[in-house]
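Reader: Before we discuss this model, I would like each term to be set against its definition. Could you take me through it in that way?

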Amino acid sequence: QIFNQHNAEAPNLEPIFHRMAQMEPNLDHDVSWFLLPSYWAKMVVALISFLCFANSYDGDFVFDDSEAIINNKDLRAETPLGDLWYHDFWGSKLSSNTSHKSYRPLTVLTFRINYLFAGGFYPVGFHVINIILHCTISVLMVDVFSILLGGLQFSNKGRRLNLAPKSSLLAALLFAVHPVHTECVAGIVGRADLLCALFFLLSFLGYCKAFKENKEGHTFSVFWVLVSVVLGAIAMLCKEQGITILGLNAVFDALVINKINLLELIRKLLYKDKSLENAGLLRKGLLFRITLLMCGGAGILYIRWRIMGTGPPAFTEVDNPASFADSLFVRAINYNYYYSLNAWLLLCPWWLCFDWSMGCIPLIKSVSDWRIIALAALWFCLIGLICQALCSEDSHKRRILTLGLGFLIIPFLPASNLFFRVGFVVAERVIYLPSIGYCILFTYGFSLLSKQAKKKKILAVAVLGILLINVMRCALRSSQWRSEEQLFRSALSVCPLNAKVHYNVGKNLADKGNQSAAIKYYREAVRLNPKYVHAMNNLGNILKERNELHEAEELLSLAVQIQPDFAAAWMNLGIVQNSLRRFEEAEQSYWTAIKHRKKYPDCYYNLGRLYADLNRHIDALNAWRNATVLKPEHSLAWNNMIILLDNTGNLAQAEAVGREALELIPNDHSLMFSLANVLGKSQKYKESEALFLKAIKANPNAASYHGNLAVLYHRWGNLDLAKKHYEVSLKLDPMAPGTKENYNLLRRKLEQLQKKGG
């Protein structure tokens, strides 16, 4: 649909495009940089962006990838696709009180497609898509920067012209190799930011297409404005920042298409100047387009609000301590300090960390704190740039600076704590889009320096050096994101006060079996944050396994005192109390855990073990049955039911439970072994033998499997096979209980038979 402008007072758009090219200075004139054809420029940007992050392609699932991908049921085929629209990014229901309200269904959908095509959780495919997305975005940046730096101009044939090929190439390269982007590219969860950026840019380019000239002239396309709104909505369905493109499109329309002088407009508004309509604000078309953008944005936000519900996301003080400060002054000072840190990461992306919370950045509580200097420096620079953007007589300078500041600030607003509390202090991923503004300002600053410099080649070499350093930094940082061990350890030097960093290093060591080293890091995490209940829980677990039960009990008791609804800590406390033979307290702890987490199969399993120790067999069977109802693949609960029924002489019931378990978990060799024992006692030797052999095939080094099969053959009268499996069992475990005695009995019997035969 084409909207025709017939207002005689409104200047038509065709002259606007031509004046932009003829009257404004060309930014490239002063830039000492490479001039490449558009196709080659995009190829170079794609290649260099690929080289920066290529070594992350075979990395593991790290950090948040576990929750967002591996533990996210929305990726699996059994979850209906429709559920994605009612769940948050982590697979929880948006209506849940524990939901973070991060609504990114399209990103989750791409994870699900990855999972489907890979046939499981294989990270290579996930990483490759992220790298391709970043390369695509970097290539699109060539076109975006050519418009932002050179203006919007079309040829007579309707092709958009690149009026700043050197500047747009430099800015796109700066974007492609910025090390702060590593988290988004090398961390699979960063897919949300990449997809958001992709549709963000497509929305902007679509909006620019609305002003493409046609044979009739004096026109703009309502269709492309609406397409831009739809693409903005898609960007928001990938990540919340995407909605900000609608505001940026409006700013672009006002500054580039209608060439509004903001300072002049403000003056006329203040003084109610009658010539206001000539300033450009009331031109026919601009208000109509901005109304479309506003209505589209309001509609998108309303739908998002209805789906999310009215409740705000639930964050804790450790996630964002400044937002919980009682003093407005402390909140304001620290928010501004966080902004300065984000700006510093754009300027000098050397100190990068996967997590900046939990004491990494101590609160500023007084004006005597030397870090106030960072705030002053930030606002000194921002005010200087804003003054130049508003007051400069050079319209070209005003436009570039305003667009640069707009792309720097507006996409950052959802992460600024100004409108709602966010769940982080500093996050490198949220400055993926604001870095567009940084690249604009850097490139414009480089052009100004080139204009003044006598030796322009030295300046160009310096910028090449910056690009090369950034490429190397990207490659190094990407390698750190390949595994959790490297990622977590890299953070120790950047954020030594961050309890979560020490916790994650400890958890990684514990997963690898290095408990002694893990204890050291867990203790440091608890020292740095005495209320860190997850560190207490994990430390308590390790101490429990090392039989240091009293300290484990102290830690777990403190954890549930700090967080009374911490179900896992209640269960672990119950296990420790059970080991200390304080059975009543253990039972109470287990039931408290179940009260706080109704569907807790592991807790029912441990409760069943407690009842078995107390010879409360019916209660034990009921607890284990609950565990298998909640988690049908809970092998330990099934096994314990079979063994308890076997030991109490209920062979028929034990057999029925064993067959039921194997139907659900057909490849579990421990279940085969337990059922084979029951069948052997029931004199179903043939079926028992088949199960024993199947279990041994699955786990050939289990001494008990060979030993019990030997007992079966012994009972059955197949003495040669019994002798063979007794010997295999003793070879695997010479101290196997009962096996040596049975073997000796068998040997004596064989000797007696030989004597009789002789």
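Reader: How do you know that the length of helix 12 agrees with what its residues should span?

Author: Helices here are DSSP runs of H or I with at least four residues, strands are E runs of at least two, and both are numbered from the N terminus. The expected span is 1.5 Å times one less than the number of residues, so the 23 residues of helix 12 (residues 286-308) should span 33 Å, and because the end C-alpha atoms are 33 Å apart, the two values agree. This is a predicted model, in which local features need pLDDT of at least 70 and side-chain atom pairs count only at pLDDT 80 or more, whereas totals for chains, interfaces and linings use all residues. Residues are numbered from 1 along each chain as its sequence is written, and side-chain values use heavy atoms, with hydrogens and water left out.

Reader: What makes histidine 725 count as buried?

Author: Buried means under 20% relative accessible area, exposed means over 50%, and partly exposed lies in between, with a 1.4 Å probe and protein chains only. Histidine 725 has 7% relative accessibility, and therefore counts as buried. This residue lies in helix 32 (residues 719-732).

Reader: Which residues is histidine 725 in contact with, leaving aside its neighbours within four places in sequence?

Author: Contact means heavy atoms within 4.5 Å, and on that basis histidine 725 touches Ile696, His706, Gly707, Leu709, Ala710 and Tyr713. Arginine 398, by contrast, is 327 residues from histidine 725 in sequence and 87 Å from it in space, C-alpha to C-alpha.

Reader: Which residues of helix 12 are buried, and what covers them?

Author: Leu286, Arg289, Ile290, Leu293, Gly296, Gly297, Ile300, Arg304 and Met308 are buried in helix 12. Their cover includes helix 8 (191-209), strand 2 (219-221), helix 9 (222-238) and helix 10 (244-257). Across the protein, 53% of the 758 residues count as buried.

Reader: Where does UniProt place the feature "repeat: TPR"?

Author: The unreviewed UniProt entry places this feature at residues 499-532, 533-566, 601-634 and 703-736; such positions are given in the numbering used here, feature names are shortened, and annotations may be inferred rather than shown by experiment. In the model, residues 601-634 are 79% helix and 0% strand, with end C-alpha atoms 8 Å apart. Residues 703-736 are 82% helix and 0% strand, and their end C-alpha atoms lie 7 Å apart.

Reader: How many helices and strands does the protein have?

Author: The secondary structure comprises 33 helices and 2 strands, and the C-alpha trace spans about 120 × 55 × 50 Å along its principal axes.
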